[in-house]
Amino acid sequence: MSVGIDPNTLQLRDQVVSINRVTKVVKGGKNLSFSALVVVGDGNGHVGYGTGKAREVPMAIRKGIELAKKSLRKVNISATTIPHTVVGHYGAGRVLLKPAPAGTGVIAGGPVRAVVEAAGIQNVLTKSLGTTNPHNVVKATMEALLSLRSSEEVAAMRGKLVEDI
């Protein structure tokens, strides 16, 4: 997963995206448990997600937060928005992220909003295309954010100066 990001050094905030009641049918009847999808971030370019499953909701959320802290990743942010337009794919979920000028705010639905706000992006336009499954939408959003490249990285790849791009 993530290498080099220590969750103990960051001021992380967690947000529960969805809680799902799941049952397993066994010989004696049905076993009831809860699944929680959680996003954590420091609001400064670090974000991660995790799913926890337990008999009680608070325990499932706690497990999700622990997993999310282990999956923390660094995201490229330029000022208060993202450097360029990007589309993230995961399963049937597709998420479009577009940079927006200052003062626009976060124009996003539930799962996308949770990830974008946890990352610390303040001005962005988003559109969730395809599935509405929160798990796939969160993963598609993460994939989109991780594929963002700063202008310095693009210039280095092309062997040019930042001013030339």
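The side chains of His46 and Asp42 are joined by a polar contact of 2.9 Å. A polar contact is a pair of N or O atoms within 3.5 Å; within protein, one must be able to donate a hydrogen and the other to accept it, and residues adjacent in sequence count only if both atoms are side-chain atoms. This is a predicted model: local features need pLDDT of at least 70, side-chain atom pairs count only at pLDDT 80 or more, and totals for chains, interfaces and linings use all residues. Residues are numbered from 1 along each chain as its sequence is written, and side-chain values use heavy atoms, with hydrogens and water left out.

**Around His46**

His46 is found in strand 3, residues 46–54. Strands (E, at least two residues) and helices (H or I, at least four) are DSSP runs, numbered from the N terminus. His46 counts as buried, at 15% relative accessibility. Buried means under 20% relative accessible area, exposed over 50%, and partly exposed in between (1.4 Å probe, protein chains only). Setting aside residues up to four places away in sequence, His46 touches Ile5, Leu10, Val40, Gly41, Leu72, Arg73, Lys74, Ala118 and Ala119. Contact here means heavy atoms within 4.5 Å.

**Helix 2**

Ala118 and Ala119 are among the buried residues of helix 2. Helix 2 spans residues 110–119 and is mostly covered, with seven of its 10 residues buried. Just after helix 2 comes Gly120, with a positive phi of about 95 degrees.

Arg113 forms a salt bridge with Glu117, and their closest N and O atoms are 3.1 Å apart. A salt bridge is a side-chain nitrogen of Lys or Arg within 4 Å of a carboxyl oxygen of Asp or Glu. A search of the whole structure finds one salt bridge. Arg113 and Glu117 both lie in helix 2, four residues apart, about one turn of the helix. An α-helix has 3.6 residues a turn, so residues three or four places apart point the same way. Arg113 is partly exposed, and Glu117 is partly exposed too.

**Accessibility of selected residues**

| Residue | Relative accessible area | Class |
|---|---|---|
| His46 | 15% | buried |
| Arg113 | 30% | partly exposed |
| Glu117 | 32% | partly exposed |
| Ser128 | 35% | partly exposed |
| Ala79 | 76% | exposed |

Ala79 is not a glycine, yet has a positive phi of about 55 degrees. Ala79 lies in the loop between strand 4 (73–74) and strand 5 (86–90).

Ser128 is found in strand 8, residues 124–130. Leaving out neighbours within four places in sequence, Ser128 is in contact with Arg94 and Val137. Asn31 is 97 residues from Ser128 along the chain, and their C-alpha atoms are separated by 33 Å.

**The whole chain**

The protein chain has four helices and eight strands. From the N terminus on, the elements run β-β-β-α-β-β-β-β-α-β-α-α. The C-alpha trace spans about 70 × 35 × 30 Å along its principal axes. Of the 165 residues, 38% count as buried. Among contacts with a separation of 6 or more, 57% come from residues 24 or more positions apart.
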